[in-house]
Amino acid sequence: MPETPLGTLSRVPIARDQLDAEEDVLVDLRPHWAYLSGPVALSLAAVAAALIVQNQYPNAPQFVQIVLAVMVGLPVLWLIARVAKWLSTSLVVTDRRLIFRSGVFGRRVVQLRLQRIVDIHCNQSLLERVVGTGRLVVEVEGEEGALTVEDVRRPRALQRVLTRQLDDIDRARSSYRTEPQFDDRPVARAPESLPPADEYTPPRGTKRVSRSERGSGSQTVSEQLIELDQLRRRGILTEIEFATKKSELLDRL
């Protein structure tokens, strides 16, 4: 669950059917409120100006009333469109993926596996640092262009969350590659009087273990395949790495 509570103006719960099994949501954000500041300020200014004109010239001609209505209506329409876009935009970070959703009529959904992220940049002007917003730029492996997300709430804190999660994935992958895949169970040496393994028939009631399932003091192929699949599901191994390791194990049969 979230390690760093970044907070939102309104909770943006992502549907559970859009997540993988045992996938945890770390961050779920809408754009910063500064995204609405422009149309809000212009709408308030237009309404104030219209009220002043109305009070100063209560008997103004009809065309003046029309001009005032248009002057107020355009900023309000802009504000409504901006609020609709704000409600339909969210940035979700799980322990495996980054998901960016936007669009009111047309929908844009970007789902990026964390292990594909090469670098994360945070850009903030002086005013953006004061109000707590900024731009997040995510460089992706194999892609020329970067994923840029504007008006991110507390982008430096979000950058730390992503960096910490990437470090956890790298450590898990490194430990899997360097850790010897064997157990400490002793291997029983067969007496010399027994026939060769291929001709040996185990006692009745004992399941015969095939050569592919036996290991010389190591994990069986099936156990290693299960472990590889668990690492793939957790996002530690990519699909390519999983397929390569699986092929290597199957070649031993």
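Contact here means that heavy atoms lie within 4.5 Å. The model is predicted, and the description begins with Trp78, a residue of helix α2 (residues 62–87). Leaving aside neighbours within four places in sequence, Trp78 is in contact with Gly38, Pro39 and Leu42. The C-alpha atom of Trp78 is separated by 9.8 Å from that of Leu36, 42 residues away along the chain. Trp78 has a relative accessibility of 37% and therefore counts as partly exposed.

The charged side chains come next. Side chains of opposite charge can pair when their charged atoms come close. With a salt bridge taken as a side-chain nitrogen of Lys or Arg within 4 Å of a carboxyl oxygen of Asp or Glu, the count comes to four salt bridges. One of them joins Glu23 to Arg97, with the closest N and O atoms 3.0 Å apart. Because Glu23 lies in the segment before β1 (25–29) and Arg97 in strand β3 (residues 97–102), this pair ties together parts that are 74 residues apart in sequence. Both Glu23 and Arg97 are buried.

A salt bridge also links Glu143 and Arg116, where the closest N and O atoms are 3.5 Å apart. Glu143 is in the loop between β6 (133–140) and β7 (147–153), and Arg116 is in the loop between β4 (108–113) and β5 (117–123), so the pair connects parts 27 residues apart in sequence. Glu143 is partly exposed at 47% relative accessibility, and Arg116 is partly exposed at 33%.

Glu150 and Arg135 likewise meet in a salt bridge, at 2.8 Å from N to O. Since Glu150 belongs to strand β7 and Arg135 to strand β6, the pair ties together parts 15 residues apart in sequence.

Terms used: Residues are numbered from 1 along each chain as its sequence is written. This is a predicted model: local features need pLDDT of at least 70, side-chain atom pairs count only at pLDDT 80 or more; totals for chains, interfaces and linings use all residues. Side-chain values use heavy atoms; hydrogens and water are left out. Helices (H or I, at least four residues) and strands (E, at least two) are DSSP runs, numbered from the N terminus. Buried means under 20% relative accessible area, exposed over 50%, partly exposed in between (1.4 Å probe, protein chains only).
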